Amino acid sequence: MRADAARNLELVLTTGARMLAEDPAASMAAIAAEAGVDRRTVYRRFAGRDELLTAVYEARLDAIEAAIAAARFREAPVAVALHRYAEGIVGVNRKWPVELSRMRTEPEIWARRLRAVDEVEEFLQRAADEGLLRPGLPAGWPGHVLGQLVHLAARELPELSEAQAADVVVDTFLRGFGRDTASP
């Protein structure tokens, strides 16, 4: 793909993600206009809104998978991996603000999402096993809360860098779920 075509595709996808998050009925023509590209450019690449939406979701999942890989859940110290993950996902949520739960009808995309959720859950179990999180928490609860905290930080703390927002997320998460080191 030529560099200008790749830039246009990225622009259409990120603009589409933002606009579809704000208005799920946003038209292809409106997305093209907002992205500053000719709508024929969009229609040459995507036959319709559903195809564009699928590409947006795939791009979001690519970014999530990259953030998980960069966090190094299995190799990095748990606290470091947690911060890397939060920082990466804040960035993903800012760039790709569409909600993946709307893609339940796309089995391949939904399966990728569930694999990402499973990786986070396995990591959080490692965090509990290594003593960063307190034991006895309801199954899945820390992961759900972490996801919501990252989502909120991306949306509600736009003045903070991704790293600063991750600081807030990790601090809040560990104050809620971290092992109380003051206890005997």
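**View 1. Salt bridge between E34 and R18.** In this predicted model, the closest N and O atoms of E34 and R18 are 3.4 Å apart. The pair links distant parts of the chain, with E34 in helix α2 (residues 28-35) and R18 in helix α1, 16 residues apart. E34 has a relative accessibility of 47% and counts as partly exposed. R18 is also partly exposed, at 31%.

**View 2. Salt bridge between E10 and K95.** The two side chains meet at 2.6 Å, N to O. E10 lies in helix α1 (residues 3-22) and K95 in helix α5, so the pair ties together parts that are 85 residues apart in sequence. E10 is partly exposed, with a relative accessible area of 35%; for K95, likewise partly exposed, the value is 40%.

**View 3. Salt bridge between R72 and E75.** The N to O distance between these side chains is 3.9 Å, within the 4 Å cut-off for a salt bridge. R72 is partly exposed at 36% relative accessible area, whereas E75 counts as exposed at 51%.

**View 4. Helix α5 (residues 78-95) and its packing.** At 1.5 Å a residue, the 18 residues of α5 should span 26 Å, and the end C-alpha atoms are 26 Å apart, which agrees. Buried residues of α5 include V78, L82, Y85, I89 and V92. The buried residues of this helix pack against α4 (49-71), α6 (107-129), α7 (141-156) and α8 (162-177).

Terms used: Residues are numbered from 1 along each chain as its sequence is written. This is a predicted model: local features need pLDDT of at least 70, side-chain atom pairs count only at pLDDT 80 or more; totals for chains, interfaces and linings use all residues. Side-chain values use heavy atoms; hydrogens and water are left out. Helices (H or I, at least four residues) and strands (E, at least two) are DSSP runs, numbered from the N terminus. The expected span of a helix is 1.5 Å times one less than its number of residues. Buried means under 20% relative accessible area, exposed over 50%, partly exposed in between (1.4 Å probe, protein chains only). Contact means heavy atoms within 4.5 Å.
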